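Me: Could you take a close look at one part of this protein for me, the hairpin, and explain the terms as you go?

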Amino acid sequence: MLISIFFPPPKLPIYLEGNYALSAFIQKNLVYPKVAEMQRIKGAVTLSFLVEPSGYPTNIRIVKSLGFGCDDFDCRRRQNQLGGAAGG
């Protein structure tokens, strides 16, 4: 039997440049897979992840799938690009 216990961090992670900069970053780097574009798929992929002390996300998991290649594509991009969050 595996038991996991999680404690909340003393300070929640934030994007260092602020929420508007985070939104701008996401919009600038948002790329749809060709299959999704051709099928005119729109929506959101919901992810969960942990923010390491270095500010980079790890353990990225898909909570809500969109399909058409958007899920895997989004996870790979977030793992490599979304750094700079800071926490306690």
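Reply: The mean pLDDT of the chain, where pLDDT is the predictor's confidence in each residue from 0 to 100, is 76, and 80% of the residues reach 70 or more. This is a predicted model, in which local features need pLDDT of at least 70 and side-chain atom pairs count only at pLDDT 80 or more, while totals for chains, interfaces and linings use all residues. Residues are numbered from 1 along each chain as its sequence is written, and side-chain values use heavy atoms, with hydrogens and water left out.

Strands here are DSSP runs (E, at least two residues), numbered from the N terminus, and two strands pair if DSSP finds at least two bridges between them. One of the bridges joins Val-51 to its partner Pro-57, which lies in β3. Between the strands of this hairpin there are five residues, and Gly-55 takes a positive phi near 100°.

The loop between β2 and β3 also holds Pro-53. Pro-53 has a relative accessible area of 81% and is therefore exposed, a word that means over 50% relative accessible area, whereas buried means under 20% and partly exposed lies in between (1.4 Å probe, protein chains only). Although Pro-53 and Pro-13 are 40 residues apart along the chain, their C-alpha atoms are separated by 8.9 Å.

Notes:
Helices (H or I, at least four residues) and strands (E, at least two) are DSSP runs, numbered from the N terminus.
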